[in-house]
Each structure stands twice: as structure tokens, then as C-alpha cells.
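Take a look at the chain below and let your eye settle on its strands, helices and pockets. We'll walk through a few of them together.

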Amino acid sequence: MKFTLSWLKKHLDTNATVDEITYALTDLGLEVEGVENPADKLKTFTLAKVKHAEQHPDADRLRVCTVETDEGDKQIVCGAPNARAGITVVLAKPGDYVPGIDVTLSVGNIRGVESHGMMASERELELSDEHDGIIELPSGDVGEKFIDWLAQNDPAKVDPVIEIAITPNRPDALGVQGIARDLAARGLGTLKTHTVDPVPASFTAETKVIIDGDTLDGCPLFCGRIIRGVKNGPSPQWLQDALRAIGLRPINFLVDVTNFFTYDRNRPLHVFDMAKVTGDLRVHRAAGGEELLALDGKTYALQPGQMVISDANGPESIAGIMGGEDTGCTDGTTEVFVESAYWDPVQIAYTGRALKINSDARYRFERGVDPAFTPDGLELAVRMIVDHAGGEASDMIIAGTIPDTSRAFKLDPARVISLVGMDIPESEQRQTLTALGFRLEGNMAHVPSWRPDVMGEADLVEEVARVASLTKLQGQPLPRTHPGVPKPILSPMQRRERAGRRTAVALGYNECVTYSFIDKAAAELFGGGGDSTMLANPISTEMSHMRPALLPGLLQAAARNQARGFMDLALFELGHAFHGGEPEEQHLMLTGLLTGRTGPKDVHGSARAVDIFDAKADAEAILSAMGAPAKTQILRGASDWWHPGRHGMICLGPKKVLGVFGELHPKVLKAMDVKGPVVGFTIWPQEIPLPRKTGATRPALVLNDLQAVERDFAFVVDAQVAALDLMNAAAGADKALITDVRLFDEFIGGSLGEGKKSLAITVRLQPTGSTLKEADIEAVGKKIIEKVEKATGGVLRG
């Protein structure tokens, strides 16, 4: 929203400076985005007078002038055809910056003659495109500031332009009058009152306006007046200057009037050329397929249900958005229909988006204009047209009624303290609301029709607080609920997340934060992609579904890094994945990913390709930091995006899975365009049992004073038997004595025969009550052999 200072002063009687106004606007919630002050680039220029001018001795088109300045007479060489004695000019001295030519002047030597400055043209000062000669002023004193002369004689050229950002809840600030009202309430001036002086009706309009019954919800009110004998043409200079200053191009007077009131009063209007209108006007919904050549020169195909204004020939205007070219006004227009209507914001927004039309009218109607001002806005426009372009006006044509937006809320002065924390006297609160247009009856504040955003008592408090300035709010420390040392504020799960994140970073992983939305193809690779996790309005096709796991985002990050030459990666993410669309259908995960090698190349050859045991070690370390039990089981049967023979589930039982580690399936890597192999892990922190004791004290340290015993066993098993199955079977032989089982050798071939292999394990026995005797050790050994034979079919190697 742009406006000039002089335009603002038509509604606000103020002596405030531009800086004071811009500070107040931002403080009021109308953030100033920029200020264009033409005076800033003209402040160094002064007025001078040419005393004498003669031909340059060495150039036909140059003249050597003696110029009277505030620093005495100066010699200036000038090439302008109108340089002559006796004229008052604008002087640029050496050291001055000339914006139109982007040059900082210095004393020059032109064809052997020194020149101490220049006399400027309008284009050189960026006042216009005129450059046929230097500026000649009809008045002015030598040494007078040029900007002071302009302020007195041509103020439009030094009128500051202010641009503010409008939030969707403040449509009233889309008019200069609304901005002036806020500033007046702040105390930066007095709001000027403008009375509506309707033009007396000279005749009864024969044209009728009909609103279809199914369109009344979108257009509850339509007003219009016909003006005959209008003489259209260029607008008055003040109106052209005002429109140009805010970036609008003057077209003709009738069109410029509608643009003026759009910005002045937030009242979009439209003018029909009655010579091109056939029959009555009808406001209705399009059947679909109708076409309209709009004022922007484009033809739009209307969709079913969109509101249009039609005459007997068909659609003539897209309601509330843009008029039609066929009934537009030209310099030859002599009879017009001036329209002022109220349109439903939601329906205007739908139509504008569907047709992809951006117009000032749409921008305002879809945010909400003042419905009660609809007939008054029409009367103001008709008065301006008749006063400047002549003609006689008909009576007002009205279809529908003004929507009832009346509502009132209780003003509770104490709520300013409870909601905002500011102590504002009740008298000041009432004065503020009155200045903003609220009508107070006792403790009830009636909301003005131009404020659709005020919908409750809290909004009244907000209005009082912003006008009083939230910069006056004093910060107050929150009181302690309990004396002494405060209790921990992190929940057990939050502490678990922090421990997992810190441990992963300590292990060398880089944390990633990826989108919760992924494409359907990637989601399907990890068990998702169904309708329950599909977004109703996705940002793009690549973000159509909620992620079923964290691996897709990490794999996409790995693919991007690999494409840029970074092959050795260690990435992790802690976040939620989703198995449904309901709030409770999400689960917390910590997922890590390893690619490439364990380190850079070195002379010792210590770097190697990452494998599943790296992922397993990291997963177990993170689980330990999160408080998982030390004794867990490693089982098969994870999801099919893991390699079927190179993964394991870390469990507390068949149904209690704490995490998964392993190598990613090659088909998944191919689909995600990741160079493999890739290993990783996923941990579910919520599955880790919470400790039974919540105190900070640690349990007593238990040390065994009895010597542990280790025994080695070698079993011959089928080649397809997993070493893990054999180790689990051995560990289950005596859970009280056996504390650890480790695989230390695998042998294939030789005398074992085809399809066989030998697995050698070390079993550690830790007695607790008494030293183990040989008979006890032999008994445990027999149990181990029996368990392994039963579970795997393996026999003790001879």
C-alpha cells in the first residue's frame, strides 16, 4: 500500500515529520517497507541566475556563462539551447551528485575553458524526461534551496511516498483514510471529517439491476447511478500526480476516479460506458464456458458458479475483480453507469485464484471492504465526476440491502493488564476506541463496519495496546512456583532424545533435518504411500505423502552428497514418522546412515568399507546411552527394505523391538539413486523401557571375587546356518552362568565337505556363589552342545 505525505494530509491535520509518521505506523502494526523522498536527492542543489552568456571560442554549440551564485560569480560552460542571460536556473556545484547522469561533479575543462559546475535539466535531476534545455524558473532568489522552491511552487515533485505492508486482518488500512485514523488515534494529528454531498437526481434511471437469488450470498448489495453529458478526458494535474506517485498510470478522468477512491477510501468502483450497455444489468453466476475480454486485454473463460455482471448481450464484468473491455470508458464516453457493490470476500478470492487475475479490486474485496460505505463511496465518486467532467446524475439504483455487520463486545479495562501486562487508565482506553471509530454505550463497544477483524473482547484489548504502543511494555520475570532449586523440566523421553542425539554426534554422525513430506514412490519403498498419509493440498508432487520412516530423507541427502563427490557419509536424524493421518499415528525414531569408507586413505591401510557391524556397534552405543538394557537379543525378520541376510533386530523378546541395523536392500538404493553398499540403523526410543527407579542415586557396584572361566567350542553346521542362531542357542544353555558368547573363527572347505562350515565360539562363565569345579564346567559344556545341536543341527567338531 503506497501513499504520499500530501495525500495523507488530506485526511490528517498534522505537523509530524516523515520520520515520526513512519515510526508510528510500524509501531501501530502497519510496517513501513520503504520511503521514497525525492527531496533527498535534490537537497544539494540551489538557485542561480545567468548574468552573461557568450559563444564558446572553440565550439559552435557551447556557451560560456557567467552565473551569479551564493558563492559569487562562477564561470560555467553550457550546451543547452536556452542558456541565456537573465534566466533563473538550478545550479549543481562541484562535489554535488547528479542522479540523472550518475556523476559527481568536479571542476572541468571543456575545450580549453574551465567550468565550475553545471545548470541542470529536468531529466538530469530525475524530475521528468524533459532534456531539451536547462530548467528555467519563473521566480526564486539566488542561493535559495531548490527543494524549498519546489515545496512552494510544485510540491508534487518533492512529495514523499510511503509504502506499508498490510496484514490480512487490516483491510481498513488499504485506504489512506484508514491509515490517517490510526495515526490520529496515536496522537499524531486530527482526523479530518469529509461530509458526503450527494448530487441531486436530475432524472429517473430506466436501467434496472437484478441480483439472482442464488447470488445474493455473494453480492448482497449493488448500487449505481447513471451520469449523462459527461466530458471525459485527462484528469486534473493533482489527480495525475497522486496516481503517478504510487505507481499507477493515469488513463482518463473516469477511470482515474475509480483508482483514486480505491486507494483513498478502500472503495473499489467500476464505470460502464452506457452507450455500450444493452438492456438491464444482471448479477448472476456463470453457467460455465462464457468468455469475457477483460480490461487487461486478456480473454477469460468463466467457470460455473463464478459471479459476473451481464447485460442483454452477455457478461460485461467479472464481479469484484475486473471489468470488460467492451463496456470500458474512452475519451468519447458521454454517458456512464457508476457501480459500487459489496462482494463476498471468500467467493472473490476463489474466482481470482481460479482465473489467475490480480487486480486492486480483487486484492481489497477478498480482504473485506466496508459494506456500509458502499452507497457513500458511490456518492463521493459521482460528486467528483460531475464537478470536474460535468453532466447530470440519475437517482440511485439499489439492489439488495446493506449487510448487517453490527456487533458489540464488553470492554473490561482490567483485561489489558491480564492479557498484555500494561496498566492503561480506563479513560484512555475509551478515548482510544472512540478515536478508532468504535461506538461506546456503557461498557459495550460497538465495532465499526470497516473493522471485520475485531471479533471479541481480546481484540478490543489489542486495539488499545497497539495504539498505546507495545514498546512501553515492561518485561517482568515470572514468579517461582516453589522456593529453592527448581525441579527438572525435561521429561524422561526428552532426556532420552538428548542423550541419543549427543551420542550420535560423538560417534561422528552429522545431524540432518529433512522434510516430513516425501513423494509417493519413495514412501511406498518403506511401507507407506497410502491414502491415510496422503496430503490433501501438497506443496508439490515431490511432497505428497507423510514419511513412513526417516530413511527416505537420509537417502535423498546421501544421493545429493554423492552427486557432488562426497562419498564417505555418516548422517542421522531424530524425528517422527507417520503410519496414519491421526495425531496418535506417529512414532519417534532415530535413524543413522553410513556410506563409503570408515576414514580417509592412509599409509597403514586402516580405512575399510563400512559394514553392518559398524551400524550394529553404533546402534548399541546409542541404545546404551538412552538407557536400554545391556542384555538384548538379535533376531531376523525386519522389513523388506533391509537386506534379507545382512540385518538384525535388537530385541528384548520376539515382540519388543528396540531397533534394527543392517545393510539397505540394493533395490531400494537403486530406486533412490544411491551408490551402495549402505548400512544403517533405526532405533525406536519410545520402546526402551523406562527405569523402575527414578532417583538420581546409582545402585551399588557389584564386583565378582571369583575367577571367570572361558571355554572354546567348534561346531560343524550347514553352510546356511547363521552364526547368530548358534550363539543365541549357546547363550541360552545356562543364563545364570553364561555372561558372554563371542564368535572368533569361521572355516569353510577342507575335510568338512560340501555345504558345511565350522563356527568356533568362546563362552564366558562367571560364577557368583562358589568357584566352578571341572564337573560343573563339563555339565555346562554338555548343555551348550545339546542346545546348539537342537537349534542348528550342528555337531561338535572332532
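**A walk through the model**

Let's begin with an open sheet of 7 strands, ordered β31-β34-β35-β39-β38-β37-β36, in which the pairing is mixed. Strands here are DSSP runs of E with at least two residues, helices are runs of H or I with at least four residues, and both are numbered from the N terminus. Two strands pair if DSSP finds at least two bridges between them. The edge strands of this sheet are β31 (510–511) and β36, each pairing on one side only.

Before going on, keep in mind that this is a predicted model, where local features need pLDDT of at least 70 and side-chain atom pairs count only at pLDDT 80 or more, while totals for chains, interfaces and linings use all residues. Residues are numbered from 1 along each chain as its sequence is written, and side-chain values use heavy atoms, with hydrogens and water left out.

Back in the sheet, strand β35 (residues 586–595) pairs with strand β39 (residues 678–683) in the antiparallel sense, over 6 bridges. If you want a spot to look at, find Leu-590, whose bridge partner in β39 is Ile-683.

Another open sheet has 3 strands in the order β28-β30-β29, with antiparallel pairing. Its edge strands are β28 (408–410) and β29 (439–441), each of them pairing on one side only. From one strand to the next, the twist averages 30°. Strand β30 (residues 444–446) is joined to β28 by 3 bridges, and the two run antiparallel. Here Phe-409 stands opposite Ala-445 in β30.

For a hairpin, go to β5 and β6, which have 2 residues between them. Strand β5 (residues 63–69) and strand β6 (residues 72–78) pair in the antiparallel sense over 7 bridges. Cys-65 has Ile-76 in β6 as its bridge partner.

Now for a pair of helices. Two packed helices are described by the angle between their axes and the distance between the axes. The axes of helix α13 (residues 492–506) and helix α16 (residues 612–626) come within 8 Å and cross at roughly 145°. Such axes are lines fitted to C-alpha atoms, for helices over the stretch in contact, and angles run from 0 to 180 degrees between N-to-C directions. Which residues of α13 meet α16? They are Arg-496, Ala-499, Gly-500, Thr-503 and Ala-504, and they meet Ala-621, Ile-622, Ala-625 and Met-626 in α16, where contact means heavy atoms within 4.5 Å. By class, this contact of α13 with α16 has 6 nonpolar, 2 polar and 1 charged residues. Ala, Val, Leu, Ile, Met, Phe, Trp, Tyr, Cys and Pro count as nonpolar, Asp, Glu, Lys and Arg as charged, and the others, Gly among them, as polar.

Helix α16 turns up again at the largest pocket, where α16, β36 (633–635), β37 (642–653), β38 (656–664), α18 (723–731), β41 (738–748) and β42 (756–765) each give two or more residues to the lining. A pocket is found on a 1 Å grid over the protein atoms alone, as an open set of points where a 1.4 Å probe fits, with protein on both sides within 12 Å along at least five of seven lines; lining residues have an atom within 4 Å of a point. The largest pocket is lined by 47 residues, and Lys-616, Ile-634, Leu-724, Met-727 and Asn-728 lie nearest its centre. Its lining divides into 25 nonpolar, 10 polar and 12 charged residues.
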